Amino acid sequence: MNIVEVTGGNAKEREVVLATVYYCIRALMPRMRTLDIEVKLYNIKRAYGYCEVGVTRREFEISIKRGLKVFDLISTVCHEMVHVKQYARNELGHDKNGEQLWRASPDLPPDTDYHNTPWEVEAFTKELQLSLEFFHEMDVKF
């Protein structure tokens, strides 16, 4: 059974994040049953969110900026959940120096812009699709 814990933020933010995470698990990884995801809502300075993977590739810590508008909150969670999927399916990893690797291939030029890396292209593409599907399926009204 997947375990999801959301801390920080306010009650409404935690409720929206929890529903969004479970939606993304169903949409992106419907057969995975051993995920352990901790989402922390707090005052992040430089970005809306981050995803860190544990040693087992089944443990994740997602940090999300608190106080976002509802659509930004949902789309940020969706973006980070795409990274969870990438790590859990071994599509995204790290080399011995901590550099990110896409599908175990070191062929990505070192000067590749962040937004043009394959893992970010996929995450930015799918975040909008997932967000809109979440709003439609859950009939979200905020």
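Strands β3 and β4 (residues 59-65) pair in the antiparallel sense over five bridges; strands are DSSP runs of E of at least two residues, helices are runs of H or I of at least four residues, both numbered from the N terminus, and two strands pair if DSSP finds at least two bridges between them. The model is predicted, so local features need pLDDT of at least 70 and side-chain atom pairs count only at pLDDT 80 or more, while totals for chains, interfaces and linings use all residues. Residues are numbered from 1 along each chain as its sequence is written, and side-chain values use heavy atoms, with hydrogens and water left out.

Glu52 has Glu61 of β4 as its bridge partner. The open sheet has four strands in the order β1-β2-β4-β3, with mixed pairing. Strands β1 (3-8) and β3 (49-53) are at the edges with a single partner strand each, so one side of each lacks a neighbour in the sheet.

Six salt bridges are found in a search of the whole structure, a salt bridge being a side-chain nitrogen of Lys or Arg within 4 Å of a carboxyl oxygen of Asp or Glu. One of them joins the side chains of Glu137 and Arg26 (3.8 Å, N to O). Because Glu137 lies in helix α3 and Arg26 in helix α1 (residues 11-28), this pair ties together parts that are 111 residues apart in sequence. Glu137 is partly exposed at 48% relative accessibility, as is Arg26 at 44%; buried means under 20% relative accessible area, exposed over 50%, and partly exposed in between (1.4 Å probe, protein chains only).

Lys85 forms a salt bridge with Glu91, with the closest N and O atoms 2.7 Å apart, and both residues are buried. Lys85 also meets Glu122 in a salt bridge (2.7 Å, N to O). The latter pair links distant parts of the chain, with Lys85 in helix α2 (residues 70-88) and Glu122 in helix α3, 37 residues apart. Glu122 is likewise buried. A network of salt bridges links Lys85, Glu91, Glu122 and Lys126.

Three aromatic pairs are found in the whole structure; rings of Phe, Tyr and Trp (its six-membered ring) pair if their centres lie within 6.5 Å, and planes under 30 degrees apart count as stacked, over 60 as edge-to-face and the rest as tilted. The ring centres of Phe134 and Phe135 are 6.4 Å apart and the planes are at 85°, so this pair is edge-to-face. Phe134 is buried at 3% relative accessibility, whereas Phe135 is partly exposed at 22%. Tyr23, Phe71, Phe134 and Phe135 form one aromatic cluster.
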